[in-house]
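Look at the sequence and the fold below. The notes that follow go through a few local features, one at a time.

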Amino acid sequence: MTRWWHDEAIYQIYPRSFQDSDGDGVGDLEGIRRRLPHIAELGVGAIWLSPIFLSPMRDYGYDIADYRAIDPLFGDMEDFDRLLEETHAQGLKLLLDFVPNHTSDEHEWFKESAKSRENPRRDWYIWKDPAPDGGPPNNWQSNFGGSAWEWDEATGQYYYHAFLKSQPDLNWRNPAVRSAMLDHLRFWLDKGVDGFRVDVIWHLIKDAQFRDNPPNPDWHPGRPDIDRYLQTHSADQPEVHGVIAEMRAVIDAYPGRLLIGEIYLPIERLVTYYGEAGEGVHLPFNFQLLSAAWEPQHLAALIDEYEEAVPGHGWPNWVLSNHDQPRIAARVGEAQAKVAAMLLLTLRGTPTLYYGDEIGIGQVEIPADRIHDPWAKQEPDTSFNRDKARTPMQWSEAEHAGFSTQEPWLPLTDDRAGRNVAALARDNSSILCLYRALLGLRRQEEALRTGSYRLLCADESVLAYERCTAESRIGVVLNMTDRPAEIVLPDRFGGAEVLFGILPGADRPSGDGRLSVRPGDGIILRGKAGEGS
Ligand code: NOJ
Ligand code: MG
C-alpha cells in the first residue's frame, strides 16, 4: 500500500528558532504559520515540530509538564489550531513530537509520585532503594553525564532519569501509565495531527531486574559518561516492542497517520523496530548519515547494508541533520552539503530535512555566556554543544535576519547578509534553489520516489547508483571530493540525458558510458528503461 510518506519529504522545525512573531527573540507558532509559504514552496510534504508543549524548558521542551497544553512561549491552543488548519490548507501534513520516556519533574504526576512511597502515582516513575552501600541502585549513566539515579531525601529512594534529573523516566511497565500516555496521543489525533515523531522510543522499557550495564571496552576519557557502559540493560529491551505495538494500534485507528521512532541503534537492531509484521513504527529514523564518514565506498556499503536490512513490509528513510547533531554543512562544508542534499533526496525512502540546511547554515560559534544546551553545560568537554545546530533560521537582509525584531536567543551566522532565504532565492546556483529543484524533481519522477535502489559504482571520489521502476531508470552520480573524477557507467547510461546537475553544463556520458564529474558536482541522468537491469 502506498502511503503519503512514500512520496513526500519531511521537514523538521525547531520551533524556538524558526520565526519569532512577538519580539521575544524566540520562535513561536504564529511565526511558523507566517512562514508556511516557504515550506510549501520548498516542496516538502510534512512538517515535524520539536516539542511545543508546556515545559520548564530545562531541556528546551523535551521536558514536558503538560502533554495537552501549548507552552506560552510558543503561543496558545488557538495558535496551534490555526497553524494546523493552515498547514493542511497548504497541502502539508503536521507531525508533533511525542516524548513518552520521561516527563518534566514539574509534571503533576511526578509531583504526586515524589510525595510519598504510598502515593498512588508512586509506581508511575522508577523508584528504587539504594544499593547496600547507600549508593545508586546500579551503574546506569545519564545521557547528559553522571549517574542516572537521583537521591530523594524525603522518601529515602532514588529515581531514575536517563536524561536530566529534571526529566524523571516514566514506568512504562505500569499499565496505567500506558493508557494515560496513549490517551494523550488520541487527544492530538482527534485534533487532526498527522502523526508523531516519538522521542527515544528504544528507551521506554528497562531491564526488569535493573542489572548493571557491562563496561564499554572502547570508552576512554574524552568520551561522554553515557559511553562508559554498553546500554545492554537500560534500553532496547524486547518488551519495548509490545508498547510500540500499542502505540501503533492507536495510530492505525486513524487513517493516514504516521508513527516515527527516534532510535540510535546499529542497523540490525534498528530494523527490528518496524515490528515483525509491520506492527512497529512506520519509520524507525535511520541516522546512519548523521555520523558516516563522507567517503563514497563507505557510504555505498552503508546504504547496501541498510537496503538489505529493511524488511519487505518496511519503508526506508534517511536523515542528514537534526537538532542534536552537527549540521551537515558544518561537517562537510558548503560544496559537499549540496552533494549531500542530492544524496538525501535521491536515496530510496522518506527524506527528513532539517530547517536551515536548505540555506546551508554551517559552523556557528556560541559564546560561552550564550550556551543554553544543558548537556553542553553538564559535560562541557565531552559533549557536542547542540546549540550549534539550533541557531535561528535566516530569512532576509533585515536586522536579525528577519527572524525577530530582537536579539535572538542564539546567535545568527556571521555570513547572514548573504545566507538567508531572500538572498539565496535570487541566486540560481544557491543551495536553496538546489533543494527546491531536487524536491521538484522528486515529485516529477516516480523512480526517485518509489523506484528500486542499486549501486552502480563507488571509488575514492564518486558514488553512483540507479533508481528504477518498470518504466523509468534514473542514475545519480555524486563527486564527493574537491577533485575532478571520471567514471564508467553501464551501457544503459551511454549517451544518457542529463536531467539535472548541481553545477551548470554537465556533459552527458559518452556512448560507452564514460562520464567526467567536476569537483562537488552531482548529476542526475535518465538511463534506458527496462534493459540490462
Ligand atoms: C532526544 C531529543 O532529540 C533530545 O533533544 C533530547 O534532549 C532527548 N531526547 C531527551 O528527551
Ligand atoms: Mg516569540
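Predicted model: local features only at pLDDT ≥ 70, side-chain atom pairs only at ≥ 80, totals over all residues.

Lysine 128 stands opposite tyrosine 158 in β8. The sheet is open and has three strands, in the order β6-β8-β7, with antiparallel pairing. β6 (127–128) and β7 (149–152) stand at the edges. Each has a single partner strand, so one side of each is left without a neighbour in the sheet.

## Parallel pairing around β2

Strand β2 (residues 46–49) pairs on two counts. Strand β1 (residues 10–13) runs parallel to β2, and four bridges join them. β2 also pairs with strand β5 (residues 93–98), again in the parallel sense, over three bridges.

Tryptophan 48 takes part in both pairings. In β2, it is the bridge partner of glutamine 12. In β5, its own bridge partner is leucine 95. Ala46 and Trp48 point one way from β2, while Ile47 and Leu49 point the other way. All of these are buried.

## The magnesium site

Which residues coordinate the magnesium ion (ligand 2)? The donors are Asp20 (OD), Asp22 (OD), Asp24 (OD), Val26 (O) and Asp28 (OD), at 2.2 to 2.3 Å. Their spacing in sequence is D-x1-D-x1-D-x1-V-x1-D.

Aspartate 20 counts as buried, because its relative accessibility is 5%, under the 20% cut-off. Aspartate 22 is partly exposed, with a relative accessible area of 48%.

## Helix α6 and its ends

Helix α6 (residues 175–191) has 17 residues. At 1.5 Å a residue, the helix should span 24 Å. Its end C-alpha atoms are 25 Å apart, which agrees. Buried residues in α6 are Val177, Arg178, Ala180, Met181, Leu182, His184, Leu185, Trp188 and Leu189.

Asparagine 174 caps the N-terminal end of α6. A side-chain oxygen of asparagine 174 lies 2.8 Å from the backbone nitrogen of alanine 176. After α6 comes glycine 192, with a positive phi near 110 degrees.

## Asparagine 213 in a loop

Asparagine 213 sits in the loop between β9 (195–198) and α7 (240–252). Is asparagine 213 buried or exposed? It counts as buried, at 4% relative accessibility. A polar atom of the side chain of asparagine 213 lies 3.2 Å from the backbone nitrogen of threonine 232.

Leaving aside neighbours within four places in sequence, asparagine 213 is in contact with Asn139, Trp140, Tyr229, Leu230, Gln231, Thr232, His233 and Ser234.

## Leucine 438 in α14

Leucine 438 belongs to helix α14 (residues 431–444). At 1% relative accessibility, leucine 438 counts as buried. Not counting residues up to four places away in sequence, leucine 438 touches Ala341, Met342, Leu345, Phe500 and Ile524.

Glycine 501 is 63 residues from leucine 438 along the chain. The C-alpha atoms of the two are separated by 9.8 Å.

## Cysteines

How many disulfides does the model have? The count comes to zero. A disulfide is a covalent bond between the sulfur atoms of two cysteines. For cysteine 457, the closest cysteine sulfur is in cysteine 468, at 14 Å. That is too far for a bond, because the sulfur atoms must lie within 2.5 Å. Cysteine 433 is buried, with a relative accessible area of 13%.

Note on methods
Residues numbered from 1 in each chain as written. Chains lettered and ligands numbered in written order. Heavy atoms only, no water. Buried < 20%, exposed > 50% of the residue type's maximum accessible area, 1.4 Å probe, protein only. Donors = N, O, S within 2.8 Å, 3.2 Å for Na, K, Ca; no water. Expected span 1.5 Å × (residues − 1). Polar contact = N/O pair within 3.5 Å; in protein donor to acceptor, adjacent residues only side chain to side chain. Contact = heavy atoms within 4.5 Å. Pairing = 2+ DSSP bridges.
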